[in-house]
Amino acid sequence: MSSAKGQRPIPKLGLGLVSLNTSPPCDFTWTASHRRAFVDTRRAEALGLESVFLSEHHFVADGYCPSLMVLAGSLLAATETLNIGTAALLLPLADGERLARQVRSLGSLVERLRLGIALGYRREEFMGLNVERRRRGKLMDAMLEELLKVLEPEQVIICTASEPGLDRALRFDVPMLIDSAVPMTRALEWGDEFRAQSAHELTLIRECWVSDDGSAPPEAVAPHDFAFWQYIGWEYTPTWEKEGEGDIDPLLDPESERLQQATSAEEKWFRQTPEDFADFLAAIHARGFDRMVARIAWSGVPLDHSVMGHLAAISEQGVAA
Amino acid sequence: MNLGCGPLDVNGVPPAELAETVADIEGKLYDFVWLRSESEPIIAGSVAVARTRDLRILVELDRALDPLRDAEDLCVLDQLSEGRIGLVLGAAALEDAGLVAELQGALDGARVRGVRVFPRPAQLALPVFAEGGPGDLRATAISYDVRAGCLVQIGTEAEVVARREQIDKSTPLLLSIGDTLEAITALRSAMFLRDELLIAEPHIRVTTMPPEGIARRLEASDKDSPFHRLE
């Protein structure tokens, strides 16, 4: 976004989360989804955005990307100035030595890598990769120490949805990203606490939907979201939420309250007009956030909707990154 | 006949230089490039994928395999390339037949260690080649039940025939030849005279190794293309 004298400062603006998965009624093939990642990322760079963030899961039938370093390598090679971030690479599930080799293999491209890391939670992933889930915190600490030998501290971001993540970011003296699952009030509290003790970058990620009139996501988008939660969303539900609910997950029932709630515009989308969004950006910058990642990419939803489609309108609201 | 070049030792080669090199190779109308690295050749492959459009890319793993993680990386790379990836298994990768079987299973969509790898490759089946030295290719092919075939280095027509006869005809060969005029002539002669042997098998690939290693070329900062089109 262009800057101009006298405009209100806002955080660096990134987009995400690129995860490459497709689920009905999306008619993209996996190959088309991967091709679109190149197109969207190059467009984000051309529009002057600061970063695009990627997301990882393993062994999910919708093809959620399990290999962020491979994806990041391609996107870094396809761009020249855009930062490529992860939110998040699931560090305890990685092979530390392999990850270090991959980082080194990026050569000079690594300067634009922002490696957001998180614990991971899906039991299937820990089982398949033969990692003890109960040790993920200790593994995270040990692997983080090794990671900091091949990356600068400013390039490693603790992505968190819980307070131990805040503690970890402060303990290791690295940047922090607050996940969109954290309610806004709490995110601001954690942001204040982090900012009071650290000069490192502070990033916020929110699920955003920007439209001219601040209306709900259009009909073209909602069915994708509904179908995602109906057919595959339960795969991503934290295991502890699934336990004790019997053999059939209620999300498989189209009439279930949970499904309706999960896809409800009121609950899910952070809806704003360009003016609202600009005000929001200026407000969180004043609160100490350095980067805002607008989560606007979902399976089957073109990235050029929402924020990317309204950048000009947003920048007209007297803000500058 | 598909013409490629390699092995291209990309260990430590700066990404910009690698990108320029693979683009140059594609510009010279080679069909594929074969990337080798002591470090992480799949990452080199990810750079090559972003800077080429049609060039097929063989990635050589010459280390102990990590079946699920390797399969995930290769499947994503194949999707990013829209189906241009092949895998070469070097000697170190072939040491453990069990891991090779697990990797092939994971690439094929089978349940391995209780899970399946997604996404699947863009290709119906990712080509996998077992690199064969002077050893017994028949044993290599049978031991690993390789789907795609064996990669062998040959220099003369007689060697082509000898290698071909070592393994079952249903197992395709990826032939690596020197780029001496004699070798090229011999191979083309063999292909012409024995079309039932080579032309009839759609998976056969022919690589050409540059007269000097690409690493040495790059280290010497020779800006001239290390590759030359073979006519």
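Close-up 1. A:Arg35 is partly exposed, with 40% relative accessible area (buried means under 20%, exposed over 50%, partly exposed in between, using a 1.4 Å probe and protein chains only). This is a predicted model, where local features need pLDDT of at least 70, side-chain atom pairs count only at pLDDT 80 or more, and totals for chains, interfaces and linings use all residues. Side-chain values use heavy atoms, with hydrogens and water left out, while residues are numbered from 1 along each chain as its sequence is written, chains are lettered from A and ligands numbered from 1 in the order in which they are written. A:Arg35 forms a salt bridge with B:Glu82, and the closest N and O atoms are 2.8 Å apart (a salt bridge is a side-chain nitrogen of Lys or Arg within 4 Å of a carboxyl oxygen of Asp or Glu). The pair crosses between chains: A:Arg35 sits in helix H1 (residues 30-46) of chain A, and B:Glu82 in the loop between helix H3 (67-80) and strand E4 (85-89) of chain B. Helices (H or I, at least four residues) and strands (E, at least two) are DSSP runs, numbered from the N terminus. At 39% relative accessibility, B:Glu82 is partly exposed too.

**Close-up 2. Two salt bridges in chain A.** Here A:Arg122 and A:Glu124 join their side chains in a salt bridge, 3.8 Å from N to O. A:Arg122 counts as buried because its relative accessible area is 1%, and A:Glu124 is partly exposed at 28%. Now look at A:Glu146 and A:Lys149, whose salt bridge spans 3.0 Å, N to O. A:Glu146 is partly exposed at 45%, while A:Lys149 is exposed at 61%.

**Close-up 3. A linked network.** Salt bridges tie A:Arg98, A:Arg101, B:Glu40, B:Arg63, B:Asp70 and B:Asp73 into a network. Over all chains, the structure holds 23 salt bridges.

**Close-up 4. Where does B:Pro127 sit?** B:Pro127 is in the loop between helix H4 (97-108) and strand E5 (128-132) of chain B. With a relative accessible area of 17%, B:Pro127 is buried. From B:Pro127 to B:Arg51 it's 76 residues in sequence and 21 Å in space, C-alpha to C-alpha.

**Close-up 5. A:Glu163 in chain A.** You'll find A:Glu163 in helix H6 of chain A. A:Glu163 counts as partly exposed because its relative accessibility is 46%.
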